[in-house]
Amino acid sequence: MLIFVAMLLSKNRIDYVLAHLGQHWLSNKGVEEAFVFVASNRPSPEGLKAKIVFPLSLEDQPGPQTICFEGEELLVLYPLSSDSDPFELDAQGTLWFRHDFLSSAFYLLSGMQEVQAKPQDAFGRFSYQQSIQKAYNFVNKPLVNYYFELILKGFMVYCERHGLSFQRQRLFEHFGFLLSHDVDRVAFHHPRLMAYRVLQLLGLKPSNVGKTVLLQHLRAGLRHQLSFGAVSDPWWNFSWMTALEKKLGLRSTFFFLSREEGQRNAWYRFNSRKIKNLITDLNTDGFEVSLHGTFRSVDDPDRLLKQKQALAKVSGLEPLGIRQHFLLFKHPTTFRVQETAGLAYDSTLSFHDHDGFRNAYCYPFHPYDFENDRAFTIWEFPLVMMEVSVLQYRGLGLDDLADAANRHIDEALRFGGLFGLLWHNCRLNDLEYPGVQLFYEQLLERIVAKSPQSITGSALLHCLDTF
Ligand SMILES: [Zn+2]
């Protein structure tokens with residue numbers, strides 16, 4: 001491997017991108033030994049025979065340009081010529097890439113845009129609104145997978161010319177379906193919520209539903225309280241959820257949230273009898289129990305470790321994964337905190353305010369530790385879609401959500417990648433969202449009809465060990 005000069009990309013960063021490219025082909029020494037990396041301000045090396053040349057941009061920031069490849073338009077973040085052809089094989093058998101696909105992939109995969117950005121959201125979250133995905137309209141397209149596809153097509157041409165073997169691989173035969181549930185709230189008829197509804201009814205608190213609906217909720221709450229729990233609570237719907245998944249051959253991951261100062265985190269306790277029994281049942285039935293990190297766990301390793309230990313004590317199994325509550329996240333701090341707590345994967349990253357590919361990649365990946373110029377060891381399993389992003393932040397309806405899910409699944413199918421879906425147990429209540437239960441049931445049925453491999457986070461870790 002020859003390195004002339006690299007600007008945006010250090011040697012470690014190049015290795016980082018190539019390691020992820022390695023998820024898509026069986027790497028071959030004959031190809032790898034031909035790599036040459038050349039800074040774009042250097043004269044093109046002459047007399048190269050049978051090499052593969054990656055030009056590297058000198059720019060810090062992307063300057064996107066659309067190219068056309070095999071009839072499809074593709075946005076390249078670090079273009080280097082007006083040439084639309086992504087690569088060319090010359091008479092000496094050297095393959096020349098025409099744009100800097102390595103920097104383009106690194107910028108998105110590493111999370112560089114959010115490390116450089118100032119969070120604008122009230123909770124300090126990096127949002128879709130400030131992302132390059134919004135600026136260039138590609139949140140639905142896992143661009144990094146497309147860059148890798150294009151690089152591998154170049155390798156294929158090179159291998160044909162030089163009589164080398166070339167073999168692709170994909171993570172899933174069709175796609176992986178990573179269904180999960182954040183257990184934020186478990187009691188719709190919680191006394192605190194009932195009291196709040198009384199205040200709403202009296203006009204003392206804002207409400208986005210009318211008085212008739214508030215009265216219905218209060219009457220249902222009274223029936224629940226007076227029956228001492230014999231009349232079920234619509235947010236304690238776990239047996240309905242798990243029965244549906246079992247019927248469809250699915251297994252999902254449930255992320256449990258700790259209590260913390262203030263009211264934004266859990267109102268239940270891990271060691272209450274009901275939660276203990278629920279966790280035992282989930283573990284017995286092959287669902288995964290993992291951790292939903294509180295607001296303050298985002299940058300507090302001691303706090304996160306305590307939450308993990310408390311859940312492990314109740315579950316009897318070490319939680320392997322985490323999703324941060326509110327999708328609140330500080331890159332790279334939160335990854336470091338999670339890694340320090342001994343967690344093996346995170347699955348927080350889609351945008352809270354838009355579904356789609358936050359790192360433009362539909363495969364598991366290692367985020368980048370910019371302070372130490374290396375990959376983190378923790379895995380990121382991209383979330384892709386939280387129902388709240390579509391229904392609340394984007395203000396769309398259930399049919400729009402189904403269409404968006406189909407688009408994301410089509411991308412996962414194309415690359416043998418992942419479709420991650422988060423649906424909260426507290427958003428499956430027909431009293432609040434009429435028709436949502438039937439919709440959710442049909443949505444899962446339609447996804448299953450596309451022949452995914454249903455996989456929990458912990459099962460995916462196991463799968464990656466042998467991939
Ligand atoms: Zn949450």
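Author: Helices (H or I, at least four residues) and strands (E, at least two) are DSSP runs, numbered from the N terminus. What you see above is a predicted model, where local features need pLDDT of at least 70, side-chain atom pairs count only at pLDDT 80 or more, and totals for chains, interfaces and linings use all residues. Residue numbers start from 1 along each chain as its sequence is written.

Reader: Happy to start with a helix, then. Which residue with a positive phi follows α8?

Author: Helix α8 covers residues 211–226. After α8 comes a residue whose phi is near 55°, and that residue is Phe228.

Reader: How far apart are the end C-alpha atoms of α8?

Author: The expected span is 1.5 Å times one less than the number of residues. With 16 residues, α8 should therefore span 22 Å. The model agrees, as the end C-alpha atoms of α8 are separated by 22 Å.

Reader: Within what arc do the buried residues of α8 fall?

Author: A residue is buried if 20 or more other C-beta atoms, placed from the backbone, lie within 10 Å of its own, exposed if 12 or fewer, and partly exposed in between. In α8 the buried ones are His217, Gly221 and His224. They line one face of the helix, because seen down its axis (by the directions from the axis to the C-beta atoms) they fall within an arc of 60°.

Reader: And which helix is among the elements that cover those residues?

Author: On the other side of α8, Lys211, Thr212, Leu215, Arg219, Arg223 and Leu226 are exposed. The cover over the buried residues includes residues 191–201, which form α7.

Reader: Let's compare α11. Which elements do its buried residues pack against?

Author: Leu304, Gln307, Lys308, Leu311 and Ser315 are the buried residues of α11. Seen down the axis they fall within an arc of 95°, so they line one face of the helix, while Asp302 and Lys313 are exposed on the other side. The buried residues pack against β9 (253–257), α10 (273–284), β10 (288–293) and α12 (333–340).

Reader: Which residue just after α11 takes a positive phi?

Author: Helix α11 runs over residues 301–315. Just after α11, a phi of about 80° is taken by Gly316.

Reader: On to the overall layout. What distance separates the centres of the two domains?

Author: An automatic or database domain assignment supplies the bounds. Domain 1 is 2–162, and domain 2 is 176–188 + 233–465. Taken over C-alpha atoms, their centres are separated by 31 Å.

Reader: Which elements give two or more residues to the side of domain 1 that touches domain 2?

Author: Contact here means C-beta atoms, placed from the backbone, within 7 Å. By that criterion 25 residues of domain 1 are in contact with 29 residues of domain 2. The elements giving two or more residues to that side of domain 1 are α1 (11–21), α3 (101–109), α4 (112–116) and α6.

Reader: Which residues does Leu102 contact beyond its neighbours within four places in sequence?

Author: Leu102 is one of the residues with the most contacts inside the largest core. Leaving aside those sequence neighbours, Leu102 is in contact with Leu9, Ile14, Val17, Phe54 and Leu56.

Reader: Which residue of β7 stands opposite Val53?

Author: Two strands pair if DSSP finds at least two bridges between them. β3 pairs in the parallel sense with β2 (residues 35–39) over five bridges, and also in the parallel sense with β7 (residues 95–97) over two bridges. In β7, the residue opposite Val53 is Trp96.

Reader: Last one: which residue takes a positive phi in the hairpin of β4 and β5?

Author: β4 (residues 65–69) and β5 (residues 72–76) pair in the antiparallel sense over five bridges. Two residues lie between these strands, and the one with a phi near 50° is Glu70.

Notes: A nonpolar core is a set of buried Ala, Val, Leu, Ile, Met, Phe, Trp, Tyr and Cys residues joined through C-beta atoms within 7 Å. Two residues are in contact if their C-beta atoms, placed from the backbone, lie within 7 Å.
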